Amino acid sequence: DEQGKCTEFNPFKGGLHCGKRVKTNPHMRAFWAATLAFTLAFVGWFAFAPLLSVVRVDIGLCDNMEAVNLLPPEERVSGCVCKLTCKQAIGNANLAAVSFDVFTRFIMGSVIEYLGPRLADCA
């Protein structure tokens, strides 16, 4: 309508449009931007745990890094020993990630309240 609000919901009308036209369909752009943002945040948050054994070797967190560097590349992940120093670094990284997530949620919450979700997420 004249206020830019959606007056009908047709999710299956004519295929997937994703809000290609700025003036005619800003609501679908906001919907798909929010969906994409949530998906990327979900993957970014939960993809790290299964890859932790590989990542800690790549960034050199193993407590026996000198011995790991002497191993062939295919045996480095299994040869990594993670004790006190390694676990502290991983714990600090997890704490930093959660802190940044909380900080970002507060900032984006304020931005969304001020500008609205359509402008804050799709601009």
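## Disulfides

With a torsion of -95 degrees about the S-S bond, the link between C82 and C86 is left-handed. The model described here is a predicted one. The sulfur atoms of C82 and C86 are 2.1 Å apart, and C82 and C86 are both buried.

Searching the whole structure gives two disulfides. The other pair is C62 and C80, with sulfur atoms 1.9 Å apart. The torsion about the S-S bond of C62 and C80 is about -115 degrees, so this disulfide is left-handed. C62 sits in the loop between α2 (48-58) and α3 (65-70), and C80 in the loop between α4 (76-79) and α5, so the bond ties together parts that are 18 residues apart in sequence. C62 has a relative accessible area of 6% and is buried. C80 also counts as buried, at 10% relative accessibility; the cut-off for buried is under 20%. When the bonded cysteines are counted along the chain, the disulfides follow the pattern 1-2, 3-4.

| Disulfide | S to S distance |
|---|---|
| C62 and C80 | 1.9 Å |
| C82 and C86 | 2.1 Å |

## Fold and core

What does the secondary structure of the protein chain come to? There are six helices and zero strands, and along the sequence the pattern reads α-α-α-α-α-α. The chain has 123 residues, of which 13% count as buried. Among contacts in the chain with a separation of 6 or more, 27% are between residues 24 or more positions apart.

Which residues make up the largest nonpolar core? The set has five residues in all: V57, C62, M65, V68 and C80. Another member, M65, touches V57 and G60 when residues up to four places away in sequence are not counted.

L61 has a relative accessible area of 23% and is partly exposed, whereas C62 is buried. Leaving out residues up to four places away in sequence, L61 touches R56, C86, A89 and I90. One of these, C86, is the disulfide partner of C82. L61 and Q88 are 27 residues apart in sequence, and their C-alpha atoms are 9.8 Å apart in space.

Is A30 buried or exposed? A30, in helix α1, is buried, with a relative accessible area of 19%. This value falls under the 20% limit for buried. Along the chain, A30 and R118 are 88 residues apart, and 5.3 Å separates their C-alpha atoms.

V98 belongs to helix α5. At a relative accessible area of 40%, V98 is partly exposed. The C-alpha atom of V98 is 9.5 Å from that of W45, and the two residues are 53 positions apart along the chain.

## Second largest pocket

The second largest pocket has a volume of about 570 Å³. Its lining consists of 15 residues, and those closest to the pocket centre are A37, F38, A41, D101 and R105. Which elements give two or more residues to this lining? They are α1 (26-46) and α5 (84-115). The element that gives the most is α1, with eight residues. By class, the lining has ten nonpolar residues, two polar and three charged.

Technical notes: Residues are numbered from 1 along each chain as its sequence is written. This is a predicted model: local features need pLDDT of at least 70, side-chain atom pairs count only at pLDDT 80 or more; totals for chains, interfaces and linings use all residues. Side-chain values use heavy atoms; hydrogens and water are left out. On a 1 Å grid over the protein atoms alone, a cavity is a set of points where a 1.4 Å probe fits but cannot get out, and a pocket is an open set with protein on both sides within 12 Å along at least five of seven lines; lining residues have an atom within 4 Å of a point. Grid points are joined across faces, edges and corners, and a volume is the space filled by probe spheres set on the points. Helices (H or I, at least four residues) and strands (E, at least two) are DSSP runs, numbered from the N terminus. Ala, Val, Leu, Ile, Met, Phe, Trp, Tyr, Cys and Pro count as nonpolar, Asp, Glu, Lys and Arg as charged, and the others, Gly among them, as polar. A disulfide is a pair of cysteine sulfur atoms within 2.5 Å. Buried means under 20% relative accessible area, exposed over 50%, partly exposed in between (1.4 Å probe, protein chains only). A nonpolar core is a set of buried Ala, Val, Leu, Ile, Met, Phe, Trp, Tyr and Cys residues joined through side-chain atoms within 4.5 Å. Contact means heavy atoms within 4.5 Å.
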